[in-house]
Protein chains: 2
Amino acid sequence: MPKQPQHPQHRRDWTDPNCPVARTLDLVGDRWSLLIVRDAMDGARAFTDFQQRLGIARNVLTDRLRRLVEDGVMRREVAASGKRQTYALTPAGQDLFTVVVALRQWGERHAFAPGEPHSVLVDQRGDLVPEVTVHDDEGRAFDVETTHVRKLA
Amino acid sequence: MPKQPQHPQHRRDWTDPNCPVARTLDLVGDRWSLLIVRDAMDGARAFTDFQQRLGIARNVLTDRLRRLVEDGVMRREVAASGKRQTYALTPAGQDLFTVVVALRQWGERHAFAPGEPHSVLVDQRGDLVPEVTVHDDEGRAFDVETTHVRKLA
């Protein structure tokens, strides 16, 4: 029987327990973990799918998948054939969509030379997914200058 | 004279060169790097500011700051006194705001028990910064199910 996922909030070894940014990074702030999540969003399911897409060592992949399952970001499933395990995003894992899109769009803006080719994220009509910004319903935008962190709510 | 920042797109050792998500993670996808960026967004400037806020080993902090400067995410400045170096986000670093907010909001939703206290991000009026979602001008929302990656554009 697969090990029951822990609720991540029960962890006790947080780097900075009161900061949601830091907790997220403790859970998925590892390059491989977020690339595994990216590939799961794009249809990777079997261990070998992830291994081939990432070119990652087996033991590292095993470790990261185990942690993602323990932390409730992914879950193990048995494929229809009953023969092999697959991995799928939980609702919490799917909810990393905004994070992955924000990472993608920052990379598109800052990590490619002008005209340098890269993959793109498109919708069902093949249109580019719009840029994510932080704004309210009236379209007022927020940025580093106009916001600050208030310790503990 | 401070070393001129490299343009990150000139790097040659990308994990997955065509993927903007992967390039961003190669540049800042290290837990400490994003926590340094978080603290810079919240006013940290001097080496000791970062060290005290993060509780990070000096050599690790030195290494991560050096990389962030080399990759054009932060820049070194000499404080008004002329006596000590400080670190500030470049425009590319400030543009990580959306990424940091998305990480924060995911953490708020998934990494805290109900009612467990955490810091919050507020605007100049003290109001909570709204949730970031992926949507178009007509309010049509995008998610894992309705989008896919198209290799190379």
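Me: How many salt bridges are there over all chains?
Reply: Keep in mind that this is a predicted model. A pair goes on the list when a Lys or Arg side-chain nitrogen sits within 4 Å of an Asp or Glu carboxyl oxygen. Over all chains, that rule gives a count of 36 salt bridges.

Me: Which residue makes a salt bridge with A:Asp26, and which helix of its chain holds that partner?
Reply: The side chain of A:Asp26 meets B:Arg31 with N to O at 3.3 Å, and the cut-off is 4 Å. A:Asp26 lies in helix H1 of chain A and its partner in chain B, so the pair joins two chains. The partner is B:Arg31, and its helix is H2 (residues 31-41) of chain B.

Me: What is the number of salt bridges between chain A and chain B?
Reply: Another pair to look at is B:Lys151 with A:Asp42, whose closest N and O atoms are 3.6 Å apart. That also falls under the rule's limit of 4 Å. Between chain A and chain B, the count is twelve salt bridges.

Me: And which element of chain A gives the largest share of the side that touches chain B?
Reply: Several elements of chain A supply at least two residues each, including helix H1 (20-28), helix H2 (31-41), helix H5 (91-94) and strand S3 (120-123). The contact side of chain A divides into 39 nonpolar, 18 polar and 20 charged residues. The largest share, 13 residues, comes from H6(A).

Me: How much area do chain A and chain B bury between them?
Reply: The contact takes 77 residues from chain A and 77 residues from chain B. There are also 38 residue pairs in polar contact across the interface, both residues at pLDDT 80 or more. Of the buried area, 63% is on carbon and sulfur atoms. The total buried between the two chains is about 7500 Å².

Me: What kind of axis relates the two copies?
Reply: Chain A can be laid on chain B with an RMSD of 0.0 Å, using a turn of 180° and a shift of 0.0 Å along the axis. The same surface serves both copies, with 100% of the contact residues of chain A recurring in chain B. The copies are therefore related as by a two-fold rotation axis.

Me: Inside chain A, which residue of the hairpin of S1(A) and S2(A) takes a positive phi?
Reply: Chain A has six helices and four strands, in the order α-α-α-α-β-β-α-α-β-β. Strands S1 (residues 74-78) and S2 (residues 85-89) of chain A pair antiparallel over five bridges, and A:Arg76 has A:Tyr87 as its bridge partner. Six residues lie between the strands of this hairpin, and the one with a positive phi, near 75°, is A:Gly82.

Technical notes. Residues are numbered from 1 along each chain as its sequence is written. Chains are lettered from A and ligands numbered from 1 in the order in which they are written. This is a predicted model: local features need pLDDT of at least 70, side-chain atom pairs count only at pLDDT 80 or more; totals for chains, interfaces and linings use all residues. Side-chain values use heavy atoms; hydrogens and water are left out. Contact means heavy atoms within 4.5 Å. Buried area is the accessible area (1.4 Å probe) that two parts lose on being put together, summed over both. A polar contact is a pair of N or O atoms within 3.5 Å; within protein, one must be able to donate a hydrogen and the other to accept it, and residues adjacent in sequence count only if both atoms are side-chain atoms. Ala, Val, Leu, Ile, Met, Phe, Trp, Tyr, Cys and Pro count as nonpolar, Asp, Glu, Lys and Arg as charged, and the others, Gly among them, as polar. Copies are superposed by least squares on the C-alpha atoms of residues with pLDDT of at least 70 in both. Two strands pair if DSSP finds at least two bridges between them.
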